[in-house]
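Here is a short report for a first look at this structure. Keep the sequence and the 3D view at hand while reading.

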Amino acid sequence: MAGGNDLVKYMTEQLVQYMETPADERKQAKRSAKAAREPWLTRWFGWGPVSFILWWRGRDQRQR
């Protein structure tokens, strides 16, 4: 594991980078990262529940 000085140096660099970034840019980055995320159902349970829901909806429409 790296020494404590390396960790302090890394954390300081990250803090300075965060402080130098304008607030609008940080908010925009946060919004774009949130929009790019997968839906919670697939993140938590994978594609199984999604495929079941699609099958169930398709079954429902075929009966009509």
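## Overall shape

A compact globule of 64 residues would have a radius of gyration near 11 Å, but the protein has 22 Å. That radius is taken over C-alpha atoms, and the globule rule is 2.2 Å times the number of residues to the power 0.38. The C-alpha trace spans about 65 × 35 × 10 Å along its principal axes.

This is a predicted model, where local features need pLDDT of at least 70, side-chain atom pairs count only at pLDDT 80 or more, and totals for chains, interfaces and linings use all residues. Residues are numbered from 1 along each chain as its sequence is written, and side-chain values use heavy atoms, leaving out hydrogens and water.

## Helices

The protein has 4 helices and 0 strands. Along the sequence the pattern reads α-α-α-α. Helices (H or I, at least four residues) and strands (E, at least two) are DSSP runs, numbered from the N terminus.

Helix 1 covers residues 4-20 and holds Thr 12. Helix 2 covers residues 23-36 and includes Lys 30. Helix 4 runs over residues 48-63, with Trp 55 among them. Gly 48 and Leu 54 also lie in helix 4.

## Distances across the chain

For Gly 48 and Thr 21, the C-alpha to C-alpha distance is 40 Å, at 27 residues apart in sequence.

## Exposure

Of the 64 residues, 5% count as buried. Buried means under 20% relative accessible area, exposed over 50%, and partly exposed in between (1.4 Å probe, protein chains only). The protein exposes about 6300 Å², and carbon and sulfur atoms supply 60% of that area. Accessible areas come from the Shrake-Rupley method with a 1.4 Å probe; for residues, only the protein chains shown count as cover.

Leu 54 has a relative accessible area of 57%, so it counts as exposed. Lys 30 is exposed too, at 65%.

## Surface patches and charge

Phe 52, Ile 53, Trp 55 and Trp 56 make a nonpolar surface patch of about 430 Å². Lys 30, Lys 34, Arg 37 and Arg 43 gather in a surface patch of positive charge. Patches are made of residues with over 30% relative accessible area and no salt bridge; like charges are joined within 9 Å, nonpolar side chains (Val, Leu, Ile, Met, Phe, Trp, Tyr) within 5 Å. A salt bridge is a side-chain nitrogen of Lys or Arg within 4 Å of a carboxyl oxygen of Asp or Glu.

The protein carries 12 positive and 7 negative charges, and their mean positions are 15 Å apart. Lys and Arg count as positive and Asp and Glu as negative, while His and the chain ends are not counted. Each charge is placed at NZ of Lys, CZ of Arg, CG of Asp or CD of Glu.
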